[in-house]
Amino acid sequence: SINTDYFFDEAAYNTHDGGYVPLAEPKTPQQPLRIPPLLKPDKETATDTYYTVEAQAGETQLLPGKKTKTWGYNGSLLGQTVVFPKGKTMHIDLKNSLPELTTFHWHGLNVPGPYTDGGCHAPVYPGKTRHIDFKVDQPAATLWLHAHPCPSTAEQVWHGLAGLALVTDEEEAKLPFPRNYGVDDIPLVLQDRRFHEDNQWDYEADYDPDGVQGPTPMINGTINPYFDVSTQRIRLRILDGANRREWRLHFSDDLPFTQIASDGGILPSPVKFTHLMLTCAERAEIIVDFGDVTPGQTVTLYSDDVPIVRFRVHDFAADDVTLPSHLVDIPDPSVTPDMPVRKVVMSGMDEAVMMDGKKFEMQRIDARQKVGNVELWDVTNTNDMEGGMVHPFHMHGTQFLVISRNGHAPYANEHGFKDTVGVNPGETVRLKVWFDKPGVFMYHCHIIEHEDGGMMAQIEAFDPDHPQTYKLMDMDTL
Ligand code: C2O
Ligand code: CU
Ligand code: CU
(Lines give C-alpha, C1' and ligand atoms only; values in the text may rest on other atoms or scores of the structure.)
(Ligands and ions follow the chains in the order given, each with its own letter.)
Protein backbone atom coordinates (compact mmCIF):
# COMPACT_ATOMS: atom_id res chain seq x y z
CA SER A 1 0.00 0.00 0.00
CA ILE A 2 1.07 3.58 -0.62
CA ASN A 3 0.67 6.31 1.97
CA THR A 4 -0.85 9.36 0.36
CA ASP A 5 -1.27 11.77 3.25
CA TYR A 6 1.04 13.84 5.39
CA PHE A 7 -0.23 12.34 8.68
CA PHE A 8 0.23 15.55 10.70
CA ASP A 9 -2.82 17.60 11.70
CA GLU A 10 -3.68 19.83 8.77
CA ALA A 11 -5.01 22.55 11.09
CA ALA A 12 -1.55 22.86 12.65
CA TYR A 13 0.49 23.24 9.46
CA ASN A 14 2.76 26.27 9.45
CA THR A 15 0.66 27.66 6.59
CA HIS A 16 -1.84 28.71 9.30
CA ASP A 17 0.73 30.78 11.25
CA GLY A 18 0.02 34.49 11.46
CA GLY A 19 3.61 35.09 10.35
CA TYR A 20 3.71 32.39 7.69
CA VAL A 21 5.95 33.26 4.76
CA PRO A 22 4.83 31.29 1.70
CA LEU A 23 7.53 29.86 -0.51
CA ALA A 24 7.75 31.39 -3.95
CA GLU A 25 9.36 29.92 -7.02
CA PRO A 26 12.62 31.78 -7.69
CA LYS A 27 12.66 33.82 -10.88
CA THR A 28 16.42 33.46 -11.30
CA PRO A 29 17.84 30.92 -13.78
CA GLN A 30 18.00 27.27 -12.84
CA GLN A 31 21.38 26.07 -11.60
CA PRO A 32 22.91 22.66 -11.04
CA LEU A 33 22.24 21.39 -7.53
CA ARG A 34 25.33 21.86 -5.40
CA ILE A 35 26.54 18.61 -3.91
CA PRO A 36 28.48 19.25 -0.72
CA PRO A 37 31.93 17.67 -1.20
CA LEU A 38 33.01 14.83 1.07
CA LEU A 39 35.39 16.13 3.73
CA LYS A 40 38.86 14.68 3.19
CA PRO A 41 40.42 13.24 6.31
CA ASP A 42 43.71 14.84 7.39
CA LYS A 43 44.92 11.31 8.04
CA GLU A 44 43.41 7.87 8.06
CA THR A 45 44.40 4.43 9.32
CA ALA A 46 42.48 1.17 9.42
CA THR A 47 41.05 2.11 12.82
CA ASP A 48 41.27 5.89 13.11
CA THR A 49 40.27 8.93 11.07
CA TYR A 50 41.42 12.50 11.64
CA TYR A 51 39.40 15.47 10.45
CA THR A 52 39.51 19.24 10.75
CA VAL A 53 36.19 21.04 10.67
CA GLU A 54 36.56 24.79 10.39
CA ALA A 55 33.73 27.27 10.89
CA GLN A 56 34.39 30.24 8.67
CA ALA A 57 32.82 33.31 7.10
CA GLY A 58 32.78 33.87 3.37
CA GLU A 59 30.75 34.89 0.36
CA THR A 60 28.65 32.70 -1.90
CA GLN A 61 27.26 33.29 -5.37
CA LEU A 62 23.63 32.40 -4.71
CA LEU A 63 21.91 34.81 -7.07
CA PRO A 64 23.10 36.65 -10.17
CA GLY A 65 24.90 39.86 -9.16
CA LYS A 66 26.33 40.45 -5.70
CA LYS A 67 27.54 37.51 -3.68
CA THR A 68 25.81 36.82 -0.36
CA LYS A 69 27.76 36.97 2.92
CA THR A 70 27.45 33.49 4.38
CA TRP A 71 29.00 31.15 6.95
CA GLY A 72 30.00 27.54 6.49
CA TYR A 73 32.18 24.64 7.55
CA ASN A 74 35.28 24.15 5.40
CA GLY A 75 33.69 26.41 2.82
CA SER A 76 31.67 29.58 2.56
CA LEU A 77 28.23 28.01 3.03
CA LEU A 78 26.88 24.92 4.81
CA GLY A 79 29.40 22.11 5.18
CA GLN A 80 31.44 19.41 3.59
CA THR A 81 29.89 16.03 4.24
CA VAL A 82 31.70 14.13 7.00
CA VAL A 83 31.73 10.32 6.86
CA PHE A 84 31.84 8.33 10.12
CA PRO A 85 32.41 4.60 9.52
CA LYS A 86 30.93 2.58 12.37
CA GLY A 87 33.54 1.07 14.66
CA LYS A 88 36.28 3.56 13.79
CA THR A 89 37.62 6.20 16.14
CA MET A 90 37.31 9.78 15.01
CA HIS A 91 39.68 12.58 16.02
CA ILE A 92 38.33 15.95 15.06
CA ASP A 93 39.79 19.43 15.36
CA LEU A 94 36.95 21.93 15.61
CA LYS A 95 38.34 25.24 14.52
CA ASN A 96 36.53 28.53 14.92
CA SER A 97 37.60 31.14 12.39
CA LEU A 98 34.45 33.19 12.89
CA PRO A 99 34.39 36.56 14.65
CA GLU A 100 32.26 35.11 17.49
CA LEU A 101 31.91 32.07 19.72
CA THR A 102 30.35 28.98 18.22
CA THR A 103 29.85 25.30 19.09
CA PHE A 104 29.88 22.19 16.87
CA HIS A 105 26.87 20.02 17.64
CA TRP A 106 26.62 16.57 16.04
CA HIS A 107 22.87 16.19 15.85
CA GLY A 108 21.91 12.52 16.24
CA LEU A 109 25.40 11.26 17.06
CA ASN A 110 25.71 8.80 19.92
CA VAL A 111 28.55 10.40 21.88
CA PRO A 112 29.01 11.55 25.48
CA GLY A 113 27.70 14.95 26.51
CA PRO A 114 28.02 17.76 26.84
CA TYR A 115 31.44 18.49 25.30
CA THR A 116 31.77 15.90 22.52
CA ASP A 117 28.09 16.35 21.69
CA GLY A 118 28.86 20.00 21.12
CA GLY A 119 25.81 21.68 22.61
CA CYS A 120 25.99 24.99 24.41
CA HIS A 121 28.49 23.79 27.03
CA ALA A 122 31.24 23.23 24.47
CA PRO A 123 32.13 26.72 23.26
CA VAL A 124 34.95 27.32 20.83
CA TYR A 125 36.07 30.92 21.04
CA PRO A 126 37.11 32.90 17.95
CA GLY A 127 40.53 31.86 16.73
CA LYS A 128 40.54 28.76 18.93
CA THR A 129 40.32 25.03 18.26
CA ARG A 130 38.67 22.32 20.37
CA HIS A 131 39.57 18.69 19.90
CA ILE A 132 37.16 15.77 20.24
CA ASP A 133 37.65 12.00 19.94
CA PHE A 134 34.98 9.36 19.86
CA LYS A 135 34.28 5.90 18.58
CA VAL A 136 31.47 5.65 16.04
CA ASP A 137 28.94 3.50 17.82
CA GLN A 138 25.59 3.43 16.03
CA PRO A 139 24.01 2.10 12.85
CA ALA A 140 24.32 3.80 9.46
CA ALA A 141 22.36 7.06 9.40
CA THR A 142 22.15 10.57 7.99
CA LEU A 143 23.09 12.93 10.82
CA TRP A 144 24.04 16.56 10.77
CA LEU A 145 26.35 19.12 12.24
CA HIS A 146 25.15 22.55 13.27
CA ALA A 147 26.13 25.42 15.49
CA HIS A 148 24.51 25.40 18.93
CA PRO A 149 25.64 28.36 21.07
CA CYS A 150 22.86 29.54 23.36
CA PRO A 151 21.00 31.65 22.60
CA SER A 152 22.25 32.32 19.08
CA THR A 153 21.87 28.88 17.53
CA ALA A 154 19.14 30.10 15.20
CA GLU A 155 21.11 33.06 13.90
CA GLN A 156 24.28 31.02 13.30
CA VAL A 157 22.37 28.28 11.48
CA TRP A 158 20.66 30.99 9.42
CA HIS A 159 24.10 32.32 8.45
CA GLY A 160 24.86 28.84 7.08
CA LEU A 161 26.38 26.72 9.84
CA ALA A 162 24.85 23.35 8.97
CA GLY A 163 26.38 20.32 7.29
CA LEU A 164 25.84 16.59 6.95
CA ALA A 165 27.47 13.67 8.72
CA LEU A 166 26.90 10.17 7.35
CA VAL A 167 27.42 7.11 9.51
CA THR A 168 28.21 4.07 7.36
CA ASP A 169 28.22 0.41 8.36
CA GLU A 170 28.37 -3.09 6.93
CA GLU A 171 24.69 -3.78 7.36
CA GLU A 172 23.72 -0.83 5.20
CA ALA A 173 26.41 -1.77 2.66
CA LYS A 174 24.72 -5.13 2.08
CA LEU A 175 21.32 -3.64 1.23
CA PRO A 176 20.44 -2.88 -2.39
CA PHE A 177 20.44 0.90 -1.95
CA PRO A 178 22.03 3.43 -4.27
CA ARG A 179 25.18 4.69 -2.54
CA ASN A 180 27.34 6.40 -5.14
CA TYR A 181 27.60 9.79 -3.42
CA GLY A 182 26.76 12.69 -5.71
CA VAL A 183 25.60 10.38 -8.52
CA ASP A 184 22.70 8.34 -7.18
CA ASP A 185 23.05 9.08 -3.44
CA ILE A 186 22.21 12.73 -3.05
CA PRO A 187 21.83 14.86 0.05
CA LEU A 188 19.07 17.46 0.00
CA VAL A 189 19.37 20.08 2.73
CA LEU A 190 16.09 21.98 2.65
CA GLN A 191 16.24 25.59 3.83
CA ASP A 192 14.59 28.89 3.05
CA ARG A 193 15.93 32.43 3.03
CA ARG A 194 14.91 35.97 2.26
CA PHE A 195 17.24 38.04 0.10
CA HIS A 196 17.40 41.75 0.94
CA GLU A 197 19.34 44.64 -0.66
CA ASP A 198 22.35 43.50 -2.66
CA ASN A 199 21.39 39.84 -2.25
CA GLN A 200 22.17 39.85 1.48
CA TRP A 201 20.47 37.98 4.34
CA ASP A 202 19.28 39.99 7.32
CA TYR A 203 18.39 37.80 10.26
CA GLU A 204 17.30 40.68 12.47
CA ALA A 205 15.02 42.18 9.86
CA ASP A 206 13.37 38.80 9.32
CA TYR A 207 13.21 37.90 13.02
CA ASP A 208 10.11 36.09 14.24
CA PRO A 209 10.10 34.45 17.68
CA ASP A 210 8.09 31.57 16.21
CA GLY A 211 10.84 30.87 13.70
CA VAL A 212 12.50 32.80 10.92
CA GLN A 213 11.41 32.03 7.37
CA GLY A 214 12.10 33.31 3.91
CA PRO A 215 10.21 32.92 0.66
CA THR A 216 13.10 31.51 -1.36
CA PRO A 217 13.78 27.79 -1.21
CA MET A 218 17.51 27.05 -0.86
CA ILE A 219 18.51 23.44 -1.44
CA ASN A 220 22.09 22.48 -0.53
CA GLY A 221 22.80 26.20 -0.78
CA THR A 222 21.45 26.36 -4.35
CA ILE A 223 18.67 28.64 -5.50
CA ASN A 224 16.40 27.06 -8.10
CA PRO A 225 18.33 23.81 -8.56
CA TYR A 226 18.10 21.01 -11.07
CA PHE A 227 19.77 17.63 -10.86
CA ASP A 228 20.74 15.47 -13.85
CA VAL A 229 19.58 11.92 -13.18
CA SER A 230 21.71 9.25 -14.87
CA THR A 231 20.49 6.14 -13.02
CA GLN A 232 17.09 4.52 -12.75
CA ARG A 233 17.00 4.82 -8.98
CA ILE A 234 18.29 7.60 -6.80
CA ARG A 235 18.50 7.85 -3.05
CA LEU A 236 17.77 11.25 -1.51
CA ARG A 237 18.97 11.98 2.00
CA ILE A 238 16.60 14.76 2.92
CA LEU A 239 17.20 17.03 5.92
CA ASP A 240 14.80 19.73 7.07
CA GLY A 241 17.58 22.18 7.85
CA ALA A 242 15.27 25.18 8.08
CA ASN A 243 14.87 27.25 11.23
CA ARG A 244 11.10 26.99 11.15
CA ARG A 245 9.74 25.67 7.88
CA GLU A 246 7.91 22.38 7.47
CA TRP A 247 8.30 20.73 4.09
CA ARG A 248 5.39 18.91 2.52
CA LEU A 249 7.08 16.98 -0.24
CA HIS A 250 5.64 15.34 -3.30
CA PHE A 251 6.74 14.80 -6.88
CA SER A 252 5.04 15.78 -10.10
CA ASP A 253 2.33 13.32 -11.19
CA ASP A 254 2.44 11.98 -7.62
CA LEU A 255 5.37 9.75 -8.50
CA PRO A 256 5.61 7.32 -5.58
CA PHE A 257 8.82 6.94 -3.58
CA THR A 258 10.04 4.64 -0.85
CA GLN A 259 11.35 5.78 2.51
CA ILE A 260 14.20 3.56 3.72
CA ALA A 261 15.58 5.50 6.66
CA SER A 262 14.61 8.11 9.21
CA ASP A 263 16.69 10.22 11.62
CA GLY A 264 18.58 7.43 13.34
CA GLY A 265 19.01 5.00 10.49
CA ILE A 266 17.36 2.40 8.34
CA LEU A 267 13.70 1.56 8.88
CA PRO A 268 12.73 -2.01 9.70
CA SER A 269 10.72 -2.10 6.45
CA PRO A 270 10.56 0.22 3.45
CA VAL A 271 7.49 2.49 3.39
CA LYS A 272 5.91 3.79 0.19
CA PHE A 273 4.64 7.32 -0.11
CA THR A 274 3.39 9.89 -2.52
CA HIS A 275 3.49 12.68 0.11
CA LEU A 276 5.86 13.21 3.02
CA MET A 277 6.02 15.95 5.63
CA LEU A 278 9.21 16.77 7.51
CA THR A 279 9.43 19.02 10.54
CA CYS A 280 12.60 20.89 11.49
CA ALA A 281 15.71 18.70 11.92
CA GLU A 282 14.00 15.50 10.79
CA ARG A 283 15.67 13.39 8.10
CA ALA A 284 14.22 10.96 5.62
CA GLU A 285 16.12 8.85 3.15
CA ILE A 286 13.99 7.96 0.18
CA ILE A 287 14.53 6.01 -3.02
CA VAL A 288 12.92 7.38 -6.15
CA ASP A 289 12.53 5.03 -9.09
CA PHE A 290 12.43 6.73 -12.50
CA GLY A 291 11.78 3.42 -14.30
CA ASP A 292 8.46 4.66 -15.67
CA VAL A 293 9.77 8.07 -16.66
CA THR A 294 10.78 8.58 -20.29
CA PRO A 295 14.32 9.92 -20.56
CA GLY A 296 14.17 13.57 -21.53
CA GLN A 297 11.41 14.32 -19.05
CA THR A 298 11.72 16.31 -15.86
CA VAL A 299 10.31 15.17 -12.54
CA THR A 300 9.75 18.03 -10.12
CA LEU A 301 9.93 17.86 -6.34
CA TYR A 302 7.49 20.26 -4.69
CA SER A 303 6.87 21.53 -1.20
CA ASP A 304 3.18 22.36 -1.04
CA ASP A 305 2.71 23.81 -4.52
CA VAL A 306 6.17 25.32 -5.04
CA PRO A 307 8.81 23.51 -7.13
CA ILE A 308 12.02 23.07 -5.13
CA VAL A 309 14.20 20.69 -7.21
CA ARG A 310 13.91 19.59 -10.83
CA PHE A 311 15.20 16.14 -11.70
CA ARG A 312 16.09 16.01 -15.40
CA VAL A 313 15.94 12.37 -16.32
CA HIS A 314 18.52 11.23 -18.87
CA ASP A 315 19.13 7.78 -20.36
CA PHE A 316 19.86 5.21 -17.71
CA ALA A 317 20.64 1.50 -17.55
CA ALA A 318 17.73 -0.63 -16.34
CA ASP A 319 17.91 -1.32 -12.60
CA ASP A 320 14.88 -3.21 -11.42
CA VAL A 321 16.20 -4.13 -8.02
CA THR A 322 13.35 -4.63 -5.59
CA LEU A 323 13.92 -3.89 -1.95
CA PRO A 324 13.50 -6.69 0.57
CA SER A 325 10.38 -6.27 2.68
CA HIS A 326 12.51 -6.46 5.81
CA LEU A 327 15.55 -4.20 5.97
CA VAL A 328 17.02 -4.25 9.48
CA ASP A 329 16.12 -5.37 12.99
CA ILE A 330 15.41 -2.51 15.36
CA PRO A 331 16.11 -3.46 18.97
CA ASP A 332 13.22 -2.87 21.31
CA PRO A 333 14.52 -3.19 24.86
CA SER A 334 11.96 -3.60 27.61
CA VAL A 335 11.25 -0.74 29.96
CA THR A 336 13.21 -0.80 33.23
CA PRO A 337 10.76 -1.94 35.95
CA ASP A 338 9.33 0.53 38.43
CA MET A 339 10.28 3.66 36.52
CA PRO A 340 7.52 6.25 36.40
CA VAL A 341 6.64 7.64 32.98
CA ARG A 342 8.51 10.89 32.52
CA LYS A 343 6.35 13.86 31.51
CA VAL A 344 7.63 16.62 29.28
CA VAL A 345 5.49 19.58 28.27
CA MET A 346 6.09 21.97 25.39
CA SER A 347 3.92 25.02 25.86
CA GLY A 348 3.35 28.49 24.49
CA MET A 349 4.05 30.35 21.33
CA ASP A 350 6.21 33.35 20.49
CA GLU A 351 8.24 34.65 23.44
CA ALA A 352 6.10 32.61 25.84
CA VAL A 353 7.50 29.24 24.80
CA MET A 354 8.56 26.97 27.67
CA MET A 355 9.55 23.43 28.49
CA ASP A 356 7.80 22.06 31.60
CA GLY A 357 6.62 25.54 32.48
CA LYS A 358 10.15 26.92 32.59
CA LYS A 359 12.60 28.69 30.34
CA PHE A 360 15.95 27.03 29.67
CA GLU A 361 18.80 27.75 32.03
CA MET A 362 22.26 26.61 31.19
CA GLN A 363 23.25 25.83 34.75
CA ARG A 364 20.10 23.98 35.75
CA ILE A 365 19.92 20.24 35.24
CA ASP A 366 16.23 19.48 34.86
CA ALA A 367 16.23 15.70 35.00
CA ARG A 368 18.45 12.67 35.49
CA GLN A 369 18.30 9.22 33.94
CA LYS A 370 20.61 6.33 34.64
CA VAL A 371 22.71 5.23 31.70
CA GLY A 372 21.25 1.98 30.38
CA ASN A 373 17.80 2.50 31.91
CA VAL A 374 14.98 2.28 29.41
CA GLU A 375 12.23 4.75 30.26
CA LEU A 376 8.98 5.98 28.77
CA TRP A 377 8.71 9.69 28.08
CA ASP A 378 5.36 11.32 27.40
CA VAL A 379 5.97 14.48 25.43
CA THR A 380 2.96 16.78 25.29
CA ASN A 381 2.32 19.83 23.16
CA THR A 382 -0.26 21.92 25.04
CA ASN A 383 -0.93 24.31 22.16
CA ASP A 384 -4.48 24.03 20.96
CA MET A 385 -5.35 23.38 17.38
CA GLU A 386 -6.73 26.89 17.04
CA GLY A 387 -3.55 28.87 16.36
CA GLY A 388 -1.20 26.20 17.73
CA MET A 389 1.71 24.63 15.94
CA VAL A 390 3.60 21.37 15.54
CA HIS A 391 6.69 21.46 17.81
CA PRO A 392 9.48 19.12 16.66
CA PHE A 393 10.84 17.58 19.87
CA HIS A 394 14.55 16.72 19.71
CA MET A 395 16.81 14.96 22.20
CA HIS A 396 20.60 14.95 22.28
CA GLY A 397 22.50 11.84 23.31
CA THR A 398 19.99 9.24 22.20
CA GLN A 399 18.02 7.77 19.35
CA PHE A 400 14.57 6.95 20.70
CA LEU A 401 11.63 4.85 19.58
CA VAL A 402 8.20 6.37 19.02
CA ILE A 403 5.67 4.20 20.85
CA SER A 404 2.39 6.01 20.32
CA ARG A 405 0.61 9.26 19.49
CA ASN A 406 -2.30 9.96 21.85
CA GLY A 407 -2.43 6.23 22.41
CA HIS A 408 -2.58 5.42 18.71
CA ALA A 409 0.07 3.82 16.54
CA PRO A 410 2.86 6.13 15.37
CA TYR A 411 3.00 7.18 11.72
CA ALA A 412 4.03 4.55 9.16
CA ASN A 413 7.59 5.90 8.92
CA GLU A 414 8.16 6.15 12.69
CA HIS A 415 9.16 2.55 13.34
CA GLY A 416 12.91 3.17 13.24
CA PHE A 417 15.25 5.18 15.45
CA LYS A 418 14.50 8.87 15.68
CA ASP A 419 15.99 11.84 17.47
CA THR A 420 13.33 14.37 16.47
CA VAL A 421 9.58 13.90 16.40
CA GLY A 422 6.88 16.38 15.43
CA VAL A 423 4.25 16.71 18.15
CA ASN A 424 0.84 18.03 17.09
CA PRO A 425 -1.15 20.51 19.22
CA GLY A 426 -3.01 18.68 21.95
CA GLU A 427 -1.01 15.56 21.40
CA THR A 428 1.09 13.38 23.69
CA VAL A 429 3.77 11.34 21.96
CA ARG A 430 5.11 8.44 23.98
CA LEU A 431 8.78 7.65 23.47
CA LYS A 432 11.05 4.88 24.67
CA VAL A 433 14.31 6.53 25.68
CA TRP A 434 17.65 5.21 26.80
CA PHE A 435 21.16 6.64 27.00
CA ASP A 436 24.29 4.58 26.31
CA LYS A 437 26.70 7.35 27.17
CA PRO A 438 26.89 9.64 30.19
CA GLY A 439 26.63 13.39 29.95
CA VAL A 440 24.46 16.42 30.17
CA PHE A 441 22.19 16.48 27.14
CA MET A 442 19.71 19.06 25.92
CA TYR A 443 16.21 18.36 24.72
CA HIS A 444 14.17 20.99 22.99
CA CYS A 445 11.87 22.13 20.25
CA HIS A 446 13.84 22.25 16.99
CA ILE A 447 12.09 25.32 15.68
CA ILE A 448 15.37 26.95 16.40
CA GLU A 449 13.94 30.27 17.62
CA HIS A 450 11.83 28.31 20.13
CA GLU A 451 14.96 26.58 21.37
CA ASP A 452 16.78 29.90 21.72
CA GLY A 453 13.62 31.32 23.28
CA GLY A 454 13.74 28.77 26.10
CA MET A 455 11.66 25.77 24.98
CA MET A 456 14.58 23.65 26.08
CA ALA A 457 15.77 21.69 29.11
CA GLN A 458 18.64 19.37 29.94
CA ILE A 459 19.05 15.94 31.43
CA GLU A 460 22.04 14.27 32.99
CA ALA A 461 22.53 10.69 31.87
CA PHE A 462 24.53 9.34 34.81
CA ASP A 463 26.46 6.23 35.60
CA PRO A 464 26.31 5.67 39.39
CA ASP A 465 29.61 3.77 39.28
CA HIS A 466 31.39 6.69 37.64
CA PRO A 467 29.89 9.92 38.94
CA GLN A 468 31.02 12.99 37.04
CA THR A 469 30.83 16.69 37.44
CA TYR A 470 30.43 18.97 34.47
CA LYS A 471 31.44 22.52 33.86
CA LEU A 472 28.23 24.07 32.63
CA MET A 473 28.37 27.37 30.83
CA ASP A 474 26.40 30.34 31.93
CA MET A 475 24.97 33.04 29.70
CA ASP A 476 26.97 35.60 31.70
CA THR A 477 30.29 33.84 31.18
CA LEU A 478 29.89 33.76 27.41
CU1 C2O B 1 19.90 19.87 16.23
CU2 C2O B 1 20.08 20.71 20.17
O3 C2O B 1 20.03 20.31 18.20
CU1 CU C 1 20.86 17.70 18.55
CU1 CU D 1 8.36 24.90 18.98
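The side chains of Arg248 and Asp304 meet in a salt bridge, with 2.9 Å from N to O; the term denotes a side-chain nitrogen of Lys or Arg within 4 Å of a carboxyl oxygen of Asp or Glu. Arg248 lies in strand S17 (residues 247-251) and Asp304 in the loop between strand S22 (298-303) and S23, so the pair ties together parts that are 56 residues apart in sequence. Helices (H or I, at least four residues) and strands (E, at least two) are DSSP runs, numbered from the N terminus. Arg248 counts as buried at 0% relative accessibility, whereas Asp304 is partly exposed at 25%. Buried stands for under 20% relative accessible area, exposed for over 50%, and partly exposed for what is in between, with a 1.4 Å probe and protein chains only.

Before I continue, please note that this is a predicted model, in which local features need pLDDT of at least 70 and side-chain atom pairs count only at pLDDT 80 or more, while totals for chains, interfaces and linings use all residues. Residues are numbered from 1 along each chain as its sequence is written, chains are lettered from A and ligands numbered from 1 in the order in which they are written, and side-chain values use heavy atoms, with hydrogens and water left out.

How many salt bridges does the structure hold? The count is 30. Another of them joins the side chains of Arg233 and Asp319, again at 2.9 Å from N to O. Arg233 belongs to strand S16 (residues 233-240) and Asp319 to the loop between strand S23 (306-313) and strand S24 (342-347), so this contact ties together parts 86 residues apart in sequence. Lys432 forms a salt bridge with Asp332, their closest N and O atoms being 2.7 Å apart. Here Lys432 is buried at 9% relative accessibility, while Asp332 is exposed at 52%. Salt bridges that share partners also join Glu172, Arg179, Asp185, Arg235, Arg237 and Glu285 into one network.

I turn to the copper ions. Which residues are the protein donors of the copper ion (ligand 2)? They are His105 and His394, each through NE2, lying 1.9 to 2.0 Å from the ion. Donors are N, O and S atoms within 2.8 Å of the metal (3.2 Å for Na, K and Ca); water is not among the atoms, so sites may look incomplete. The two histidines come from distant parts of the chain, with His105 in strand S8 (residues 105-107) and His394 in strand S28 (residues 391-395), 289 residues apart. Both His105 and His394 are buried.

The copper ion (ligand 3) is coordinated at 2.0 to 2.1 Å by His391 (ND1), Cys445 (SG) and His450 (ND1). Its donor residues follow the spacing H-x53-C-x4-H in sequence. His391 is in strand S28 and His450 in helix H3 (residues 448-452), 59 residues apart. His391 is buried at 0% relative accessibility, and His450 is likewise buried at 0%.

Finally, the sheet. Eight strands form an open sheet of mixed pairing, in the order S1-S19-S18-S21-S16-S12-S13-S14. At its edges are strand S1 (2-3) and strand S14 (222-223), each pairing on one side only. Two strands pair if DSSP finds at least two bridges between them. Strand S18 (residues 257-262) and strand S21 (residues 283-289) are antiparallel and share four bridges. Phe257 stands opposite Val288 in S21, and Phe257 is buried.
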